[in-house]
Amino acid sequence: MPAGFPDFRLGSVLATSFTGTLSERYGNAVERIPTPHRLIDWLAVNGLAVDSCTTAQLELARELRESIHAAATAAAIQDALPASAVQVINDRSAQGRAAAILTPEGKRRWQLSSASCVEDALGVIAADAISIIAGERDGKLALCASPSCQAAFFDTSQSRTRKWCDMNTCGNRQKKARFNANQRRRSAQ
């Protein structure tokens, strides 16, 4: 990965991983796809390889990302879905022309209509968002308990009680803060 770019935060759910390309939304926000090339990188890591991406396509991707975040957040707190977010998600889903392909190993892979069609990749991401927001998959949408993050994530744990979008980042940060607070409290006694 090129120096100067933050690592991608990858999860098992495509749509919520995509919303994670902007993290710490309520703190010092970290943009993980600041350039068209970084979007190409992210798509490749997630099995949606494209050869090129324009600035306009990057803007479409960011608009989709924010729409998924808004709709997933509303669904997680059982609020009405924002109409504008729903429209963007539906538009991106309808504009994509990707096909699900079964590999010889029995896995699903996406085949885009052309190697330069970012819109196809965005269509796959939008379709994934629709399936989780509509409640079609086994799991539930939740919000990260970190006050600076509050990312929407898809909880597939057995009890559906996960608190953090990622234990390695937000969870560890919260546990460390609690530990340090306890240490300070003990040393002040």
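Q: What makes Arg 38 count as buried or exposed in this predicted model?
A: Its relative accessibility is 1%. Buried means under 20%, so Arg 38 counts as buried. You will find Arg 38 in helix H2, residues 36-45.

Q: Which residues of H2 are buried, and what do they pack against?
A: Arg 38 is one of them, together with Leu 39, Ile 40, Asp 41, Trp 42 and Leu 43. These buried residues pack against helix H1 (14-19), H3 and H5. Just after H2 comes Gly 47, which takes a positive phi of about 75°.

Q: How far apart are Arg 38 and Cys 170 in sequence and in space?
A: They are 132 residues apart in sequence, and their C-alpha atoms are 23 Å apart in space.

Q: Why is Glu 66 called partly exposed?
A: Glu 66 has a relative accessibility of 30%. Under 20% would be buried and over 50% exposed, so with its 30% Glu 66 counts as partly exposed. Glu 66 lies in helix H3.

Q: What does Glu 66 contact, leaving aside its neighbours within four places in sequence?
A: Glu 66 is in contact with Leu 22 and Arg 25. As for Arg 186, it is 120 residues from Glu 66 in sequence and 43 Å away in space, C-alpha to C-alpha.

Q: What makes H3 oblique to H4?
A: Two packed helices are described by the angle between their axes and the distance between the axes. Here helix H3 (residues 55-76) and helix H4 (residues 83-95) pack at about 130°, and their axes are 8 Å apart. Roughly perpendicular covers 65 to 115 degrees and roughly antiparallel begins over 145, so the angle of about 130° makes H3 oblique to H4. The crossing of H3 past H4 is left-handed.

Q: Which residues of H3 and H4 meet?
A: On the H3 side they are Leu 60, Glu 63, Leu 64, Ser 67, Ile 68, Ala 70 and Ala 71, and on the H4 side Ala 85, Val 88, Ile 89 and Arg 92. Sorted by class, this contact of H3 with H4 has eight nonpolar, one polar and two charged residues.

Q: Why are H4 and H5 called oblique to each other?
A: H4 packs with helix H5 (residues 118-133) at an angle of about 130°, with the axes 7 Å apart. Roughly perpendicular ends at 115 degrees and roughly antiparallel needs over 145, so H4 and H5 are oblique to each other. H4 also passes H5 in a left-handed crossing.

Q: What residues make up the contact of H4 with H5?
A: From H4 come Ile 89, Asn 90, Arg 92, Ser 93 and Gln 95. They meet Glu 119, Asp 120, Leu 122, Gly 123, Ala 126, Ala 127, Ile 130 and Ile 133 in H5. By class, the contact of H4 with H5 has six nonpolar, four polar and three charged residues.

Q: How do you know that Cys 117 is in no disulfide?
A: A disulfide is a covalent bond between the sulfur atoms of two cysteines. The cut-off for the pair of sulfur atoms is within 2.5 Å, and by this rule the count comes to zero disulfides. For Cys 117 the nearest cysteine sulfur is that of Cys 53, 11 Å away.

Q: Why do Cys 117 and Cys 149 count as buried?
A: Buried means under 20% relative accessible area. Cys 117 has 10%, so Cys 117 is buried. Cys 149 has 2%, so Cys 149 is buried too.

Definitions and conventions:
Residues numbered from 1 in each chain as written. Predicted model: local features only at pLDDT ≥ 70, side-chain atom pairs only at ≥ 80, totals over all residues. Heavy atoms only, no water. Axes fitted to C-alpha atoms, helices over the stretch in contact; angles between N-to-C directions. Helix = DSSP H or I, 4+ residues; strand = E, 2+ residues; numbered from the N terminus. Parallel < 35°, antiparallel > 145°, perpendicular 65-115°, else oblique. Left-handed = near helix turned anticlockwise from the far one by under 90°. Contact = heavy atoms within 4.5 Å. Nonpolar A, V, L, I, M, F, W, Y, C, P; charged D, E, K, R; others polar. Buried < 20%, exposed > 50% of the residue type's maximum accessible area, 1.4 Å probe, protein only.
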